[in-house]
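User: I would like to go through this structure step by step. Could you begin with the overall picture and then move on to the details?

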Amino acid sequence: MEKLEVKGLHHHFGFTEILRDISFTLDKGEVLSIVGPSGGGKTTLLHLCADLLDVEEGSVTNSFASSSYAFQEDRLLPWKNVIDNIALGLLAKGDKKSVAIEKSQEIALKFGLEEEDFEKFPKDLSGGMKQRVSFARALVVKPSLLFLDEPFSALDIGLKKELQAILIEMISKKEISVLFITHDLMEAIRLSDEILLLKADPGHIVKKFQYDLPQDKRDDKYVYGESAKILQDDEIIDTFELELR
Amino acid sequence: MNSLLKILKDFPAYLWSGWGAIASILLFIAFWDAGNQIYGDLVLPSPLETFKTLMSMLQDESVITEIKVTLYRASMGFGISLLFGSALGLIAGFFATASMMSRPIVTILVGMPPIAWIVLAMIWFGMGDETVIFTVVVASFPIIFVGALQGTRTLDGDLKEMADSFGLPWHMKFFDVYFPHIFSYVFPAWVSGLGMAWKIVIMAELLATSDGMGASLAVARSQLDTPTALALVVIMIGSLMFIEYIILEPIKREVELWRS
């Protein structure tokens with residue numbers, strides 16, 4: 001059984017404690033969200049899980065066959081065109097160039113890019129298009145585990161829904177497991193099986209929320225309803241320092 | 001390979017875009033001719049006379065030999081700078097201490113006037129190839145070094161992280177992530193280093209040798225042979241323009257296509 005297991009994770013930058021005693025398990029086919037205010041150590045946690053930072057204390061065990069990472073910014077290579085950017089992960093895996101190009105073109109079309117965009121460099125793309133390309137690059141490798149670092153936060157509402165719909169389709173087919181980081185509660189409720197609330201200074205988990213309804217059955221009414229409920233929660237109010245009047 | 005083909009394919013269109021440049025050169029020659037009519041042949045020979053002298057010089061075996069000598073010195077000096085400047089600059093860029101320590105040295109190298117280097121080199125190496133080559137190296141090395149240093153210093157940490165997250169093997173990391181970025185800094189530095197080398201070689205030859213184009217220029221000066229002096233200048237400028245606009249610019253356009 002593939003899973004990601006985090007046990008007793010602590011992390012420091014210099015003398016500043018960033019994360020304290022984080023433990024959780026992400027099973028295959030599950031979507032786990034970590035929500036919390038900005039600057040609360042969420043990205044650090046994700047970097048540790050994705051092996052982009054060295055673990056200092058505690059353990060991260062990742063038995064997923066493959067993983068990929070979608071960043072908050074697009075992080076495209078400015079000297080490569082759209083298709084070559086998408087193909088990057090495939091080539092790194094050892095796919096043949098022609099196969100990689102073909103797969104990349106296929107997914108690019110699925111993600112709403114036009115054939116005339118294929119040869120363009122990132123400088124000629126709009127912000128939303130860049131994010132599509134970045135998302136396609138992360139998903140074209142068919143990862144069994146996907147790390148998402150607020151990839152929707154800079155997008156307009158239409159594009160956000162579009163990309164989420166693609167993700168939800170993959171989730172409901174149990175093709176993918178997701179570790180998702182966000183400060184947007186509604187987004188988390190729409191996508192996750194489980195939400196961990198990360199409180200800042202230092203980052204530690206204060207509460208867990210479970211959502212059992214399958215993602216493709218969750219309509220706007222469900223998401224709004226659950227969001228309203230969660231916003232009444234004392235821990236949420238405290239963590240996000242919401243002043244409800 | 002593909003980019004080479006693309007450079008060749010785009011070349012005619014690039015040449016066609018050169019009409020404006022040609023017009024401005026012709027305008028310059030017109031002003032030159034006006035200057036000739038005002039000041040007379042001794043001070044400023046007419047373009048026609050200059051080009052006639054140029055043609056007869058180019059048919060003269062000994063002039064060609066002088067040009068070859070100069071070319072040899074310039075390319076030796078520039079080649080050494082290119083090799084060591086790029087290599088050392090890249091290495092220095094990877095280490096914070098090395099780049100910090102190299103800065104004042106670069107300032108000294110850049111700040112010291114080439115003419116002072118020539119005097120020192122004449123004392124150290126005497127009158128000959130070494131003096132000229134040394135001066136060329138000293139003048140063009142820091143330009144290339146700084147370019148390469150900047151290239152590695154400014155590598156994007158975010159893109160490195162992205163490359164790590166996809167598990168790019170080292171050769172892909174180098175060719176797809178680091179190299180294009182570094183090259184976009186190093187290549188312009190090569191171009192300006194080359195321009196510098198070509199100017200310095202003439203100056204060093206004029207002062208420190210008895211052969212080469214610089215020395216020919218010195219002879220022309222002592223004989224008040226203005227047409228020959230101007231013809232030599234035309235050769236220098238012409239060759240620099242050829243290298244810059246016909247060879248380097250098309251390459252630059254291709255490799256910097258992705259830049260906004």
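**Chain B: helices and cavities**

Analyst: In this predicted model, the secondary structure of chain B comprises eleven helices and zero strands.

User: What are the dimensions of chain B along its principal axes?

Analyst: The C-alpha trace of chain B spans about 70 × 50 × 30 Å along those axes.

User: And how much of chain B is buried?

Analyst: Of the 260 residues in chain B, 40% are buried.

User: What share of its contacts join residues at least 24 apart in sequence?

Analyst: Taking the contacts in chain B between residues at least 6 apart in sequence, 74% link residues at least 24 apart.

User: Let us turn to a helix pair. How do α9(B) and α11(B) lie relative to each other?

Analyst: Helix α9 of chain B covers residues 170-208, and helix α11 of chain B covers residues 226-255. Their axes come within 11 Å and cross at roughly 175 degrees. Angles over 145 degrees count as roughly antiparallel, and α9(B) and α11(B) are therefore roughly antiparallel to each other.

User: Which residues make that contact?

Analyst: From α9(B), the contact uses F183(B), F187(B), V191(B), L194(B), G195(B), W198(B) and I202(B). From α11(B), the contributors include M236(B), L240(B), I243(B), E244(B) and L248(B).

User: What classes do the residues of that contact fall into?

Analyst: The contact of α9(B) with α11(B) has twelve nonpolar, two polar and two charged residues.

User: A new topic: how many cavities of 30 Å³ or more are there?

Analyst: The count is two cavities of 30 Å³ or more.

User: What lines the largest one?

Analyst: The lining of the largest cavity consists of W79(A), L155(B), D156(B), L159(B), V177(B), Y178(B) and H181(B). Helix α9(B) gives the most to this lining, with three residues. By class, five of the lining residues are nonpolar, one is polar and one is charged.

User: And which residues line the second largest cavity?

Analyst: V191(B), L194(B), G195(B), L240(B), I243(B), E244(B) and L248(B) line the second largest cavity. The elements giving two or more residues to this lining are α9 and α11 of chain B. The largest share, four residues, comes from α11(B).

User: How does the lining of the second largest cavity divide by class?

Analyst: The lining of the second largest cavity has five nonpolar residues, one polar and one charged.

Note on methods:
Residues numbered from 1 in each chain as written. Chains lettered and ligands numbered in written order. Predicted model: local features only at pLDDT ≥ 70, side-chain atom pairs only at ≥ 80, totals over all residues. Heavy atoms only, no water. Axes fitted to C-alpha atoms, helices over the stretch in contact; angles between N-to-C directions. Parallel < 35°, antiparallel > 145°, perpendicular 65-115°, else oblique. Contact = heavy atoms within 4.5 Å. Nonpolar A, V, L, I, M, F, W, Y, C, P; charged D, E, K, R; others polar. 1 Å grid on protein atoms, 1.4 Å probe; cavity = no way out; pocket = protein on both sides within 12 Å on 5 of 7 lines; lining within 4 Å. Points joined across faces, edges and corners; volume = space filled by probe spheres on them. Buried < 20%, exposed > 50% of the residue type's maximum accessible area, 1.4 Å probe, protein only.
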